[in-house]
Amino acid sequence: MPDIVLCTINARYVHPSLGLRCLYAHLGALRERAAICEFHLKHTVDAIVADILSENPAIVGIGLYIWNVDKLTEVLRQLRAARPDLILVAGGPEASYEYETTEWFPFVDYVVCGEGEQTFAALAASLLEGRRPPDKVVSQSTTLDLDDIAAKSSLTSDFAALPYPLYSDDDCANKMVYVETSRGCPFRCAFCLSALEPRVREFPVERVLDAVSTLIERGARRFKFVDRTFNLRRERVQFILAFFRTHLRENMQVHFEIVPDRLDDEVIDALAQFPPGTIRLEIGIQSTNPETLAAIDRPQDNALALRNLQQLRERTGAIIHADLVAGLPYETCETFASAFDQVLATRPHEIQVGILKRLRGAPINRLIEPCRLVFAERAPYEIIETHRIERDRLDRIKRFARYFEIYHNTGNFPRALPLLLRTHASPFDAFMAFSDALWQQTGRTHAIPLVEQARFLHAYLCEKGLTDAEKLADIIESDFRRIPGRRDKLF
């Protein structure tokens, strides 16, 4: 039985926790006395508690994130009731700021703030030796030396290690493998916790890619780089892209998060050398409103950013996922609609309409009073209203976001959806009208089967009189039947 259990709830089964593996890799001699227990959101609280207790640990370290904090609060409550002697340690973004007012704080013995690798290892060693630190909240006094971590990367040593050997064969075969080559961000966006980090620090990229090479040999095909600004330095980008061109395998997909106005033609040309669908790019536009961008400390050349989105779509086979954030300070419905239409015109494969969230400790706090920002008190702490967007209009945008995900981002209606977007001069207005009608008809934003989606779209377009019902039925039927095996009768 392990003395230490490292635990978290991932958003999905395919998302293994990089954080837990980083903690485990730094335990040194305590690795032999530790185990990782991962769950996902479909697991029940009772099942999670039972699995943890079955290990009979002395210490449980739990990673708290915006998507799992509510469920893990109940896990902590039940663990405390079942095992009063169990030492519970909380860490992760939700445990790094404003923790004193949380519901989970009374149930834990210790809170590890910020980067936790060395802090948790030292805390666990003290606890297992019977020495209980007097302070409930502990944190790393200095930032980690990433060069040192990489240098001490032998899993069999007593020193800190890179986490990549800890991905299992099942992880390699069936899950997304997370990789980090840097920590921190050069920007100070008010809504992001990365704004609080002092600087960008980089792992020696050769050492990380050596580990990735081994993962590829073990069968890993899906990689997601968690670097906040992957394309910060062109030379580093080119080096990593060259590595993946050399190590390319069938069905491989590599995900990067990039800053669009820092791209240049050389990097776009390098991305163009990959087969279609191999590279997936998450591109944060967030807003194109100059007043908003200034308020949230996000410098952005809108024209260059949109130009590069267009170039990526036209010149590469990358899957383009563009991000916008609704509810930002000084944004109006009209400025947000304008940003949406500008981004849509570049034809990204997906547009994620995110809703502003108040992450604990993020600098957005300074704008709450002047911009009259009202956030939900429970995770995921979404914006409810602002000084420029009323509550009911934000509710409409939230429904818009969900419906756009299921109608556009899924790619289920490639022929029919352009007809819908042409029903108004503004594509945003067109889809908002459709969203309002769908909500009025169903009262649901989830659990809408594809057959029901198709039928409602057909009925709506028929009402608009764009073309005859039979022709519309053929278009939607062809969209619906694109994927073999769909046998449901539509009309």
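The secondary structure of the chain, in this predicted model, comprises 17 helices and 16 strands, where helices (H or I, at least four residues) and strands (E, at least two) are DSSP runs numbered from the N terminus. Residues are numbered from 1 along each chain as its sequence is written, and side-chain values use heavy atoms, with hydrogens and water left out. Because the model is predicted, local features need pLDDT of at least 70 and side-chain atom pairs count only at pLDDT 80 or more, whereas totals for chains, interfaces and linings use all residues.

Buried residues make up 55% of the 491 residues in the chain, buried meaning under 20% relative accessible area, exposed over 50%, and partly exposed in between (1.4 Å probe, protein chains only). Along its principal axes, the C-alpha trace spans about 75 × 50 × 50 Å.

The structure holds 36 salt bridges, each defined as a side-chain nitrogen of Lys or Arg within 4 Å of a carboxyl oxygen of Asp or Glu. One of them joins Glu 115 to Arg 183 (2.7 Å, N to O); Glu 115 lies in the loop between strand 5 (110-113) and helix 4 (117-128) and Arg 183 in strand 8 (residues 182-183), so the pair ties together parts that are 68 residues apart in sequence. In the salt bridge between Arg 83 and Asp 85 (2.9 Å, N to O), Arg 83 is buried, with a relative accessible area of 16%, whereas Asp 85 is exposed at 52%.
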